[in-house]
Amino acid sequence: MKALILNFRSFEGKKETSKGKLFLTFDMFDVEKKVLYNIFQDAGDTLLPDGVIPSKEDVEKSFPRIADLETRIEQFAGQNGRPSFRFYVDAIKNWKYVDLKKL
């Protein structure tokens, strides 16, 4: 899937159950389907092209990025036992800076 990665950030968990875990959050715009997804997931579940999570300074300089992604959708029982779905990004195969003014 070809997607635009926006508002990328990483942070450590603060709750007792997630202390020491690193999380990623970003907005992902599916270029083909023209759909925006808000992604929040454990950083350990996402493979990055160079294996390094960008620092805050790198994000400010080199985002937004266009990327090729491996994704999946999982179904789970939500509130009241109703089926719910969640979108995951398993891998960001490659990504590079894109100037939105030139799109």
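Guide: M28 lies in strand β2. Helices (H or I, at least four residues) and strands (E, at least two) are DSSP runs, numbered from the N terminus. Before we go on, note that this is a predicted model: local features need pLDDT of at least 70, side-chain atom pairs count only at pLDDT 80 or more, and totals for chains, interfaces and linings use all residues. Residues are numbered from 1 along each chain as its sequence is written, and side-chain values use heavy atoms, with hydrogens and water left out.

Now back to M28. M28 counts as buried because its relative accessibility is 0%. Buried means under 20% relative accessible area, exposed means over 50%, and partly exposed is in between (1.4 Å probe, protein chains only). Who touches M28? Set aside its neighbours within four places in sequence, and M28 is in contact with M1, A3, L4, I5, V35, L36, Y37, I39, L69, F87 and V89. Contact means heavy atoms within 4.5 Å. M28 and V98 are 70 residues apart in sequence, yet 14 Å apart in space, C-alpha to C-alpha.

In β4, the bridge partner of L4 is I66. β1 and strand β4 (residues 65-77) pair in the antiparallel sense over four bridges. Two strands pair if DSSP finds at least two bridges between them. I66 also stands opposite K96, in β5. β4 pairs with strand β5 (residues 83-97) as well, in the antiparallel sense, over 13 bridges. β4 and β5 form a hairpin, with five residues between them. N80 sits in that turn and has a positive phi of about 60 degrees.

Next, the rings. The structure holds eight aromatic pairs. Rings of Phe, Tyr and Trp (its six-membered ring) pair if their centres lie within 6.5 Å; planes under 30 degrees apart count as stacked, over 60 as edge-to-face, and the rest as tilted. One of the pairs is F8 with F26, which is stacked: 5.6 Å centre to centre, with 25 degrees between the planes. This pair links distant parts of the chain: F8 is in strand β1 (residues 2-12), F26 is in strand β2 (residues 22-30), and they are 18 residues apart. Both F8 and F26 are buried. F11 and F40 make another stacked pair, at 6.0 Å centre to centre and 25 degrees between the planes. This pair also links distant parts of the chain, with F11 in strand β1 and F40 in strand β3 (residues 35-42), 29 residues apart. F11 counts as partly exposed because its relative accessible area is 24%. F40 counts as partly exposed because its value is 40%.

F8 and F26 also belong to one aromatic cluster with F63 and W95. The charged end of R65 sits over the ring of W95, 4.4 Å from its centre. A charge sits over a ring if NZ of Lys or CZ of Arg is within 6 Å of the ring centre and within 35 degrees of the ring normal. R72 lies over the face of Y88, at 4.4 Å from the ring centre.

One last stop is A43. A43 is found in the loop between β3 and α1 (56-62). A43 counts as buried because its relative accessibility is 11%. Leaving aside its neighbours within four places in sequence, A43 is in contact with L22, F23, L24 and I53.
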